[in-house]
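Please open the structure in your viewer and keep the selection panel at hand.

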Amino acid sequence: MTALVQSRRRVLASVDEAAASAGLSPGMTVTHAQSLVPDLTVFDARPDHDETDLQKLSLWCVKYSPVVTPNPPDGVFIDVAGSAHLFHGEAALLEDMCAFLHTLGISARAAISDTPGCSWAVARYGDAKIVSPGRSSEAVASLPVAALRLAPQTIASLHDVGIDRVAHLCSKPRASLKLRFGGEVLLRLDQALGSAAEALPSLIPPEVPRAECNFAEPISTPEDLKRVIDKLCEDLCADLEARGVGARRLDLVFVRVDNITQAARIGLSRPYREPVHLGKLLAEKLDLIDPGLGIETATLIASWVEAVTERQTVGRHIGTDGADVDVSQLVDTLGVRLGQNKVFRLAPVESALPERAVRRVPALHPPQPLEWPSKLPRPSRLFPHPEKIEAVAELPDHPPRLFIWRNIRHRVAKADGPERIHGEWWVGESETNLIRDYYRIETPDGTRFWVFRDGAVGQGGHWWLHGVGEA
Amino acid sequence: MSYVELQATTHFSFLRGASSAEELFSAAALLGIQALGVVDRNSLAGMVRAHVAAKVTGVRLIVGCRLDLQCGSSLLVYPTDRLAYGRLCRMLTVGKERAGKGKCHLDWRDVEEWNDGLLAVLLPDELTAPLDEELHKLRRIFADRAYCALSRRFLPDEAQRLQTNANAAARAKVPTVVTNDVLYHCPTRRMLQDVMSCIRLHTTIDNAGFQKERHADRFLKKPQEMLRLFPKYEAAVRRTMELEARCKFSLDQLTYTYPTEVIEDGLNAQERLEKLTWEGAARRYPDELPDNVATQLRHELNLIERMDYAPYFLTVESIVRFARSKGILCQGRGSAANSAVCYVLGVTSIDPVRQGLLFERFVSEERREPPDIDVDFEHERREEVIQWIYETYGRTRSALTAVVTRYRAKGAVREVGKALGLPEDVTGSLAGMIWGWSKEGVADRDAKALNLNLDDRRLRLTLELAKQLIGTPRHLSQHPGGFVLVWDRLDELVPVEPAAMDNRQV
């Protein structure tokens with residue numbers, strides 16, 4: 001069951017079967033539900049996730065028919081008119097689909113009928129699974145008006161005038177219905193009964209930009225492959241430009257003469273359609289390709305594209321005008337060589353604890369207004385995990401005189417501190433009494449260290465090294 | 001003895017200080033601190049509480065105030081005597097009048113105007129102007145009554161910062177004095193202080209980030225510990241004693257002076273009260289004054305004369321006379337009904353002699369506390385009476401009394417829950433479990449009844465911290481009808497601030 005924050009109250013957004021049988025329904029407040037059902041499990045509703053998940057589910061449904069349309073928030077339309085025979089009939093198709101969804105942990109209701117509207121209604125409110133051709137009006141007649149995909153306020157006003165069932169609605173004069181409730185009611189009614197057409201847009205994505213090369217003679221030398229890549233890039237970029245988009249991800253697929261596929265993929269930090277740059281990045285991946293006895297076909301696919309708003313310019317070199325240096329090409333090159341997740345930028349977080357005061361953001365993330373407080377100097381290199389050290393210091397809060405780190409003794413020449421940092425008690429119980437005294441210390445040869453003591457020595461407190469370098 | 005704490009903030013610095021005066025003073029007594037300087041922000045509202053707490057614990061109260069000036073500088077001031085205290089009150093009154101309800105706008109000019117007899121300690125760590133400039137201003141205004149505070153913050157470059165401040169003070173010939181900038185009495189109060197900051201800043205603990213009090217350890221410490229923390233500034237630690245010795249003022253020196261009624265025909269207050277009493281008696285008993293009533297009246301007048309309460313009776317009588325003359329219904333109530341004098345003056349309408357009521361229940365020599373005559377005025381026309389009082393006694397001598405609005409259990413749970421980021425329906429239903437003035441907050445059993453998971457740490461913290469917050473003052477508001485009238489300037493006795501309602505002051 002999921003809950004959603006709605007005008008400062010938490011209300012149920014959806015309930016599963018078990019919850020529904022316990023008398024819970026969407027729209028109820030969470031506290032009310034919790035008082036009805038002890039040990040209630042509530043998850044936060046994530047409408048954005050729901051949408052992408054529905055999209056994924058729809059894509060999976062493509063196996064039943066090429067015409068599939070997600071119907072947010074919780075439905076999928078599949079046009080099985082021309083494909084049911086592949087599954088030994090409509091009943092078998094439904095069974096196959098529901099069984100598979102069940103293994104995914106999704107409880108699904110499905111119906112097949114002449115029209116999307118009728119299927120929608122019967123799947124949600126009816127008992128039948130398959131409505132025979134031409135029987136749509138009979139199937140929906142006994143269903144509540146809510147089965148017609150109407151807005152909640154329309155349903156409420158229909159209830160107000162005593163219209164509860166679809167049959168009841170059909171018996172009313174159309175003109176007065178339209179006058180009173182607007183065109184929506186009639187349209188939905190007609191769509192369910194099949195007297196108004198409803199087109200299902202296809203989910204299959206518009207043709208993916210791609211460039212292809214077939215070779216009469218198989219190629220295999222790196223130089224040849226590089227040339228092919230450059231050619232493919234040029235073709236693809238021309239296509240991308242015509243579409244007004246740039247590539248965020250490229251898949252390079254080689255088919256060898258022995259029909260084995262070799263593929264490489266690169267990601268880009270922003271949409272690109274600049275052939276030279278893309279060619280360079282792809283060439284970095286060539287050592288992953290084993291041409292074997294030779295390659296017959298090469299395809300370059302822009303599997304993720306985004307609109308390009310500004311005209312592409314060749315990246316400027318750092319320092320040309322100082323103010324706004326475009327580092328995106330450098331970021332891409334590094335990302336391709338080291339891995340996308342290894343190129344990042346650090347951003348401040350408002351936390352007193354040093355290891356919590358920083359987070360990783362994508363390399364081209366716009367800089368934030370927030371800055372680390374300048375009065376709290378931090379070492380140039382902060383360890384993700386402090387390392388335990390042995391230290392000699394005067395009690396109770398003096399800096400160490402000397403310390404041993406990784407088996408090396410360091411004498412302390414200069415020191416500053418303590419900077420007292422308290423645990424963030426609201427994060428966890430263990431931090432309630434956490435106190436760290438941090439010291440900046442310098443050894444006689446000028447090396448700076450950042451060490452801390454977590455409590456009095458002798459009372460479970462230890463010395464730790466948390467960073468090195470100028471602070 | 002080497003150190004007294006000069007900078008302790010009580011919870012009358014609303015949503016900043018996290019401990020009550022009682023808690024601070026008992027902690028000070030345990031730690032061996034002999035005097036505590038209470039300095040709330042632009043306010044003296046916590047002084048009476050602090051005074052009582054000081055009496056109970058034997059720790060001396062040093063009356064003080066933290067002035068947050070409009071320019072961004074802050075200084076602590078301590079009156080050395082009654083007159084200086086009066087000037088401090090006047091200054092706060094001026095500032096409050098300028099800023100409107102709940103705020104106070106002061107700047108260096110006001111400080112200069114009212115500086116006489118005040119000791120001043122500049123807080124050098126929160127300045128916006130250059131330290132040297134502010135120190136020179138301070139030195140010019142306060143001469144040998146100027147000091148500069150040195151406080152540990154447990155932040156980087158502490159030694160350097162202290163030295164810079166000390167050097168600047170030495171250049172300006174301003175002696176330094178150590179303060180600990182106390183916000184709460186014991187270390188465990190830090191959580192509540194963080195939550196209070198969140199409430200004040202209208203944010204939650206997860207989003208508050210750097211807006212919370214950054215530097216820690218703002219609880220009371222032993223004098224020996226303070227000496228240890230300032231090894232290079234022992235003189236500044238000991239100088240706190242010098243300040244303590246210079247502040248001779250105590251709230252005991254404030255005595256209430258009743259307003260004098262406009263004197264007619266050369267009679268003093270007592271004579272006039274007697275005259276009015278016998279005239280009134282003649283009206284109440286037109287036929288003949290019964291002997292027992294006459295005896296009772298003589299007894300009461302005697303007592304009133306000895307206790308010197310005559311002006312108070314006259315004041316009440318004249319207010320009631322005004323109300324009656326305008327046809328405003330009014331009625332004395334409460335213990336005043338025990339007084340035959342009140343009866344014959346027309347303040348009350350029950351004959352205590354006939355009812356056999358005891359005057360001693362109203363005024364008694366043993367109790368030595370001023371009598372209390374409650375008079376109810378017709379609700380719709382109360383404002384007329386209030387305005388008449390302002391006119392007759394003048395705004396410098398009269399004001400409505402303020403009442404302190406404190407957190408009740410309900411509000412405490414709601415606000416703490418909000419600061420800890422609980423959803424509003426949860427805090428709402430928790431608050432719904434509480435009736436009125438519960439001192440206990442939400443009991444575990446109540447939360448269980450709501451089917452809430454008590455193992456949830458945030459929820460448990462909410463209940464715990466809300467319990468601590470109950471009784472903490474939130475703001476000042478006006479008493480529905482309480483009036484303070486004095487003989488000389490009221491704003492030398494307490495700070496007076498304008499009220500939200502037109503033409504009223506508190």
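Which residue in strand 14 of chain A does W405(A) stand opposite? W405(A) stands opposite I408(A).

Before the next selection, please note the conventions. This is a predicted model, in which local features need pLDDT of at least 70, side-chain atom pairs count only at pLDDT 80 or more, and totals for chains, interfaces and linings use all residues. Residues are numbered from 1 along each chain as its sequence is written, while chains are lettered from A and ligands numbered from 1 in the order in which they are written.

**The sheet of chain A**

Now extend the selection to the open sheet of seven strands, whose order is 14-13-12-18-17-16-15, with antiparallel pairing. Its edge strands, each pairing on one side only, are strand 14 (408-411) and strand 15 (414-422) of chain A.

**A loop residue**

Next, select P377(A), in the loop between strand 11 (358-362) and strand 12 (381-393) of chain A. Is P377(A) buried or partly exposed? P377(A) counts as partly exposed because it has 17 C-beta neighbours inside 10 Å; a residue is buried with 20 or more such neighbours, exposed with 12 or fewer, and partly exposed in between, the C-beta atoms being placed from the backbone. The C-alpha atom of P377(A) is separated by 9.0 Å from that of E470(A), 93 residues apart along the chain.

**The nonpolar cores**

Move to chain B and select L36(B), V77(B), L88(B), A120(B) and V121(B), which have the most contacts inside the largest nonpolar core, a set of 104 residues. Such a core consists of buried Ala, Val, Leu, Ile, Met, Phe, Trp, Tyr and Cys residues joined through C-beta atoms within 7 Å. A second, separate core has 32 residues, including C61(A) and V68(A).

**Where the chains meet**

Finally, display both chains: 22 residues of chain B are in contact with 24 residues of chain A, contact meaning that the C-beta atoms of two residues, placed from the backbone, lie within 7 Å. On the side of chain B that touches chain A, helix 7 (190-201), helix 8 (205-208) and helix 18 (424-432) of chain B each supply at least two residues. The largest share, four residues, comes from helix 18 of chain B.

Key. Two strands pair if DSSP finds at least two bridges between them.
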